[in-house]
Amino acid sequence: MTIDQVTLLPLYAASGTALLVLLADLLIARRAVTFGALALGGLATAVCAIVVGTRPPTFCAAGECSWVPSPVAVVTAVLFAGLTVGVLLLSVPALREGAAPPGEFCFLLAASMTGGLVIGYSGDLISLIVGLETLTLPLYVLVGLRRFAPRERVSTAGASASITFFLISVVSTAIALLGAALNYAATGALHLDRLVDGSGPAAAVAQVGVALLVIGFAFKVAAVPLHAWAPPTYEGAPLPVAAYLSTASKLGGVLALAAIVAHLDAGAITAALAVLTMTVGNLVALRQTRMVRLLAWSSIAQAGYVLAALAIGGQGVEAAIVYAVFFMILEFIAFAAVVALRPVASDGGDLLAYRGAGRRSPWLGAALVLAFAGLAGLPPGLAGLFAKVTIVDALIDDGWGWLAGVVALNAVIGLAYYVRVTANLYATPPRPGIQVVDPGLLEAATHPRLPVARPVAAALIVAAAAAVVLGFAPQLLFDALS
Amino acid sequence: MTAYQVMLVAALALPALGAAALALLPARIAGVLGTAVAAVTLVPIVVLPFARGVAPSTPAPTGSALIRPWAELDVSWVPALHLDFHLGVDGVSYPLVALTGLLTLLCCAYTAWKGADRTLLALLLVLEAGILGTFLALDLVLFFLFFEVVLLPMYAVIAGWGGDQRRAAARKFVLYTLFGSVLLLLGVITVTVTAGTGDLVALTGGAGLGRDTQYAAFALLAVAFAVKAPLWPLHTWLPDAHTQAPTVGSVILAGVLLKMGTYGLIRVGVGVAPLGARWAAPVLGILAVAAVLAGALICLRQTELKRLIAYSSVGHMGFVLLGIATLTATGIQAALIGNVAHGLITGLLFFLAGAIKDRAHTGELADLGGLRETAPRLAGILGFAAIASLGLPGLAGFWGEAFAVIAAVGRGGGLWTTLAVLAAIGGALTAAYFLRLLRKVTHGPAGTPVPAGIAGAEWLAWSPLVALTLAVGLVPALVLAATSLPVEGLIR
């Protein structure tokens with residue numbers, strides 16, 4: 001077996017970043033150096049992925065390859081790297097305050113990025129599941145990684161979120177592995193391009209295997225009814241980590257599912273999951289009063305739209321990835337704006353805390369409007385509009401008109417809460433129960449305008465610029481994926 | 001790029017850039033800047049008709065193209081989604097384009113006079129860009145895109161500057177119309193996926209679409225546009241939105257936003273799926289007449305000024321939809337002129353209702369009264385607008401309603417004759433409720449005192465509408481001059 005080292009460059013860059021961060025923390029032990037190492041490593045990974053591009057697959061034996069650079073792999077590698085650097089930037093203020101040990105935090109983030117990268121490039125089920133685990137494993141720790149200052153009220157929310165996430169994730173991996181094993185037993189295929197639907201006496205076993213694989217991966221994207229872990233985990237995790245969970249970690253699940261549905265017949269179960277996920281996600285989101293929970297439920301609903309495209313099978317993968325990319329960027333903007341609006345290292349807080357925030361911080365308000373409008377699929381969030389059109393186009397093109405109808409109706413339900421949150425940003429302060437001369441002053445005192453840390457602002461600006469550019473030129477993404 | 005293509009882009013780009021400039025520049029100059037941008041946007045709109053005589057720069061598409069735009073711009077945007085940036089203007093769309101430009105200018109000037117809220121001005125300009133884009137789009141997906149652009153700005157206008165129950169009204173508006181929008185999305189994608197193109201010029205006449213596809217597409221599109229227009233029984237968002245919206249919001253909403261529904265039905269619904277339109281015409285006609293009658297009967301029971309005018313829109317749009325449903329040249333031309341007339345007259349009525357409510361601080365008909373004694377000029381203009389709205393011959397409202405009825409009679413057969421008779425009765429009821437309105441507001445004992453003076457800015461906002469109502473009434477060819485060819489093409 002000959003291995004083309006150049007093809008593996010993105011992987012070397014990503015894992016090298018993790019090592020570099022670890023060594024930098026060990027030897028130099030300066031926060032800025034550690035941050036710089038991760039940021040530069042992330043950028044290098046993205047550059048390597050773009051430069052190497054699509055080359056012939058490597059790690060091949062008898063025509064079966066385990067490392068397959070495809071356009072989807074390149075795009076998602078860039079996205080993983082970008083999200084990792086973005087989450088680092090969002091975490092910088094909290095890390096400076098000592099809310100978590102910076103070296104460990106950055107190393108775990110880099111390790112997680114490496115896992116995500118592997119999922120996109122993997123050509124067989126084993127690499128895929130190993131990649132998925134490498135993506136998720138550091139997150140168990142990241143979710144609970146929180147140090148408290150001597151006077152600070154200690155909360156165990158992070159630890160319990162971490163445990164929930166860990167237990168559910170381990171179970172889901174076990175299910176996926178069992179599915180892979182059953183499918184292998186029935187068909188003898190492990191490499192993705194050799195996966196076939198079972199035939200003969202073993203057909204039933206193969207089918208169960210496929211269903212278990214889909215269910216196992218559906219845990220990762222938090223598809224209903226396998227979603228219950230997501231809202232408490234997001235809520236308990238530090239905000240930037242919650243952003244990573246709902247973007248990069250979810251993208252890993254989407255890629256794994258795409259690999260399965262592209263080769264095996266899982267249309268029925270995926271469509272059922274899609275309908276449940278978007279409907280339940282949207283309906284429950286209607287009643288949320290806390291920001292992170294609302295974002296969690298909305299991201300569950302959004303995963304339903306991706307699943308709808310995946311239900312088509314191989315034809316729908318491109319649409320699903322397009323939707324996922326647009327969604328990741330918009331969701332990241334939403335989380336970044338929330339981080340910017342909240343005090344350093346605090347949780348997402350109640351929706352009431354955001355009342356009038358758009359008036360106090362017009363730019364952050366505009367970013368949130370862009371994100372929420374996009375998530376609802378409406379201008380000015382053109383990226384979200386094109387994402388919605390792409391999904392509906394793919395579904396109708398392939399004869400899934402009814403599912404397109406369900407997606408369309410869900411867009412209406414979704415708008416109800418996006419509009420509620422957005423209007424809340426511009427609401428005028430309510431009349432206080434006591435006599436005050438100037439209610440505006442009182443509102444300013446109880447809802448102070450906080451300064452935005454530079455790294456957070458930078459992440460927000462870059463993400464918003466990406467959303468606007470892709471909103472006006474979505475063809476860039478379509479070209480990159482084909 | 002020819003000068004006229006530049007003008008097409010300018011008509012969209014100017015208000016959009018103006019809105020951005022308003023957001024960035026100091027609030028002090030917002031009033032002047034907003035009005036100036038709205039005025040400058042009128043320049044390309046005025047220039048566009050001169051493109052009529054000019055030969056198209058691109059060779060005419062093969063086959064018998066049923067849309068022959070005066071000026072056209074076609075740039076590929078997102079090939080993966082069949083989306084071209086394809087703009088064009090012709091006789092069907094131009095009157096509405098002009099109406100949009102005019103009403104936006106009047107609304108901006110009025111807002112600037114009222115105190116120049118920067119955000120409101122910016123939203124008005126964004127709305128203008130979206131509405132103009134809808135009327136100018138010659139690509140189905142682009143049409144849908146612009147159709148959606150207006151949703152959130154209009155929501156913000158109602159929720160930000162509306163009356164006491166603005167939140168609920170705005171939410172109802174945005175959810176209801178998004179429901180229409182997603183049906184439009186399904187219809188548009190069904191058509192583009194089946195035909196492999198979103199080009200309206202190529203699609204008009206039902207080329208490349210099978211009968212079943214046309215039925216399905218028209219059903220989706222018709223419901224989508226019926227929500228927007230709105231057609232009874234999908235109209236329930238309208239009274240709340242109109243009543244709660246600020247004056248300029250009501251003017252834009254009634255004046256041009258509703259026209260996106262009727263224009264879409266003509267250009268996209270009937271144009272792309274003619275077989276579907278023929279199949280659904282009786283249902284559409286029955287609902288249209290139901291709207292006329294229901295609108296009129298509800299208006300007879302209204303006790304609030306703005307709500308009454310809002311419901312009168314349901315009746316008027318019923319006439320427009322009846323005209324379209326007949327699928328005859330007369331009917332569609334009646335619909336086109338009815339669109340413009342309703343935009344002018346109802347725009348004026350909402351301006352007047354706003355002026356009366358500002359002065360009297362109430363819109364209850366029971367509390368108003370004797371306006372012709374306390375404010376004779378205001379009463380005079382209100383009388384003019386009401387009489388124009390009830391369809392007096394010689395004023396703009398007459399042509400659309402009369403010829404919708406004539407077209408229905410001309411269509412022949414028991415159903416259409418019955419519909420024509422019922423619509424005519426609805427027309428009489430329209431006269432009844434407007435006269436009731438006048439009796440309550442302008443005549444009778446003086447109610448809440450109303451200051452008599454009319455500010456210069458108000459004259460400026462109202463007089464173009466008064467003049468055009470008269471002009472279109474006397475010379476309907478102003479609107480219809482260039483419509484006969486495209487309309488003949490549509491119904492062939």
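Predicted model: local features only at pLDDT ≥ 70, side-chain atom pairs only at ≥ 80, totals over all residues.

Me: Which residues in H3(B) meet H14(B), and which ones do they meet there?

Reply: From H3(B) the contact has B:Pro95, B:Leu96, B:Leu99 and B:Leu103. Across from them, H14(B) brings B:Leu336, B:Asn339, B:Val340, B:Gly343 and B:Gly347. By type, the residues of this contact are six nonpolar, three polar and no charged.

Me: And at what angle do the axes of those two helices cross?

Reply: At roughly 10°, with the axes of H3 (residues 94-114) and H14 (residues 329-360) of chain B coming within 10 Å. Angles under 35 degrees count as roughly parallel, so H3(B) is roughly parallel to H14(B).

Me: Switching to the contact between the chains: how many residues does each chain put in?

Reply: Chain A gives 25 residues and chain B gives 24.

Me: On the side of chain A, which helix gives the most?

Reply: That's H16(A), with ten residues. Helices H15 (382-397) and H19 (475-481) of chain A each supply at least two, as does H16 (401-425). The chain A side divides into 20 nonpolar, three polar and two charged residues.

Me: Now A:Asn424. Where is it, and what does it touch?

Reply: A:Asn424 belongs to helix H16 of chain A. Leaving out residues up to four places away in sequence, A:Asn424 touches A:Leu351, A:Tyr354 and A:Arg355. A:Ala353 is 71 residues away in sequence, yet the C-alpha atoms of A:Asn424 and A:Ala353 are 9.6 Å apart.

Me: Why does A:Asn424 count as partly exposed?

Reply: Because A:Asn424 has 17 C-beta neighbours inside 10 Å, and buried would take 20 or more, exposed 12 or fewer.

Key:
Residues numbered from 1 in each chain as written. Chains lettered and ligands numbered in written order. Axes fitted to C-alpha atoms, helices over the stretch in contact; angles between N-to-C directions. Helix = DSSP H or I, 4+ residues; strand = E, 2+ residues; numbered from the N terminus. Parallel < 35°, antiparallel > 145°, perpendicular 65-115°, else oblique. Contact = placed C-beta atoms within 7 Å. Nonpolar A, V, L, I, M, F, W, Y, C, P; charged D, E, K, R; others polar.
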